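Dear colleague,

Please find below the structure that I am handing over to you. My findings come after it, and I would be grateful if you kept the coordinates open while reading.

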Number of protein chains: 2
Amino acid sequence: MTTTKPDRDAESVEQDGAIGLGPLEGFIGFHLRLAQDVSFRTFARHAGKPRLRPGRFAALMLIGQNPGLTQMDLSRAIARDKSTVTPLVQGLQREGLVSRTVSTTDRRRVSLRLTEAGEAALDALLDHAAEHDRKLDAIVGDRKAEFLHLLKKITGELS
Amino acid sequence: MTTTKPDRDAESVEQDGAIGLGPLEGFIGFHLRLAQDVSFRTFARHAGKPRLRPGRFAALMLIGQNPGLTQMDLSRAIARDKSTVTPLVQGLQREGLVSRTVSTTDRRRVSLRLTEAGEAALDALLDHAAEHDRKLDAIVGDRKAEFLHLLKKITGELS
DNA sequence: TATTGTTATACTCTATAACTATA
DNA sequence: TATAGTTATAGAGTATAACAATA
């Protein structure tokens, strides 16, 4: 049926297939990493079809919620360098999802807005994200409010 | 003093510097991502000195806790392809932290073990991680047990 | 035939530094 | 001088596919 497990190598320690974690077992940071990793992969696997990976999702959402925001605003909001934002938004523009217009009041700045196609793409992504998050909701259950509060507290205080 | 904030562009929506998140505000997955991102960066920034980034940390820990484990065991434990593991462990070996010996009972397999230097490096990293996790403990407070339980539940059920 | 590990290759994400243009 | 954005470049981290050795 499953993987025809060969005889356990005597040199190998894990007899039952369970890998020991050691002190990491009680570390919040470590389990935060594992949970995020699996959550991210689950989301990406299903949202991968519409060619929109989680990184661009946040950008699209932020632009949609804050039309006219500049690349520096976005850079700060997603905690990425401006040189990371440039190819990101240019890619979104190339795909017709975002418009980039030079600000008339400060010609150094580029104002970002969603196009109609961008709105549609965002809606589709939101549907996907909502579906994915329903799974997380089901897992977390009635402790969601507190769980969310702690995650936000970590984000807010660890900077 | 602080950033001499220029006049807000009339084209820009966020008047108070707060960027709206929209529906993402209530998404567990999104906040999981933000919290992990900031936690990871904080850890990496401080642990960056000893040239041991968080990815190698998990590998070192797993090898330390499960001496003799094979590259496939490690691959499964960290949920990465075997082709990702090869350069990872070869790098650790090159730096003298890990020994790689061909199994005598199955000559396809490579058994991984920490060297003395590897043990020392792991100890140093553990100190760093413990220090970092104390910050997280302080933020999470007495709800740590439940928080950890939910993170593990997500990791366990989302696969 | 199936599994372990290696190699070649490529793609994504990210940052630093140097640059242009604007302010 | 300082800021917004671009470009060049480089380094992680990751995966797929083809492969050799072994089972």
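The notes that follow cover confidence, symmetry, the interface, and selected residues.

**Confidence**

Please bear in mind that this is a predicted model. Chain A has an average pLDDT of 87, and 86% of its residues score at least 70. In residues 1–10 of chain A, however, the pLDDT is below 50, and this stretch has eleven contacts in the model beyond near neighbours in sequence. Where pLDDT is low, the predicted coordinates should not be read in detail.

Chain B is superposed on chain A by a rotation of 180° with 0.0 Å of shift along the axis, at an RMSD of 0.0 Å. That is the relation of a two-fold axis. Of the interface residues of chain B, 99% are also interface residues in chain A, so the copies meet through the same surface.

The contact draws 78 residues from chain B and 78 residues from chain A. Between them the two chains bury about 7,100 Å², with 63% of that area on carbon and sulfur atoms. Across this interface there are 18 residue pairs in polar contact, both residues being at pLDDT 80 or more. On the side of chain B that touches chain A, the elements giving two or more residues are α1 (28–47), α2 (54–65), α3 (71–77), β3 (110–114), α5 and α6 (144–157). The largest share of that side, 15 residues, comes from α1(B).

One residue of the corresponding helix in chain A deserves a look: A:Gln36 is placed in helix α1 (residues 28–47) of chain A. A:Gln36 is buried, at a relative accessible area of 11%. Apart from neighbours within four places in sequence, A:Gln36 is in contact with B:Leu32, B:Arg33 and B:Gln36.

**Salt bridges**

Over all chains the count is 20 salt bridges, and six salt bridges are found between chain B and chain A. B:Glu25 pairs with A:Lys152 in a salt bridge whose closest N and O atoms are 2.8 Å apart. A:Asp37, A:Arg41 and B:Arg80 are linked in a network of salt bridges.

Three pairs within a chain may also be of use to you:

- B:Glu95 and B:Arg56 form a salt bridge, with the closest N and O atoms 3.1 Å apart. B:Glu95 lies in the loop between α4 (82–94) and β2 (98–102) of chain B and B:Arg56 in helix α2 of chain B, so the pair ties together parts 39 residues apart in sequence. B:Glu95 is partly exposed at 39% relative accessible area, whereas B:Arg56 is buried at 16%.
- B:Arg76 and B:Asp73 form a salt bridge at 3.5 Å between the closest N and O atoms. They are three residues apart in helix α3 of chain B and thus separated by about one helical turn. B:Arg76 is exposed, at 54%, while B:Asp73 is buried, at 5%.
- A:Arg143 and A:Asp142 form a salt bridge with the closest N and O atoms 3.9 Å apart. A:Arg143 is partly exposed, at 27% relative accessibility, and A:Asp142 is exposed, at 75%.

**A buried glycine**

B:Gly118 sits in helix α5 (residues 116–140) of chain B. With 0% relative accessibility, B:Gly118 counts as buried. Not counting residues up to four places away in sequence, B:Gly118 touches B:Gly96 and B:Leu97. The C-alpha atoms of B:Gly118 and B:Ala44 are 19 Å apart, the two residues being 74 residues apart along the chain.

With kind regards

Note on methods
Residues numbered from 1 in each chain as written. Chains lettered and ligands numbered in written order. Predicted model: local features only at pLDDT ≥ 70, side-chain atom pairs only at ≥ 80, totals over all residues. Heavy atoms only, no water. Least-squares fit on C-alpha atoms with pLDDT ≥ 70 in both. Contact = heavy atoms within 4.5 Å. Helix = DSSP H or I, 4+ residues; strand = E, 2+ residues; numbered from the N terminus. Buried < 20%, exposed > 50% of the residue type's maximum accessible area, 1.4 Å probe, protein only. pLDDT = per-residue confidence, 0-100. Buried area = accessible area lost by both parts, 1.4 Å probe. Salt bridge = Lys/Arg side-chain N within 4 Å of Asp/Glu carboxyl O. Polar contact = N/O pair within 3.5 Å; in protein donor to acceptor, adjacent residues only side chain to side chain.
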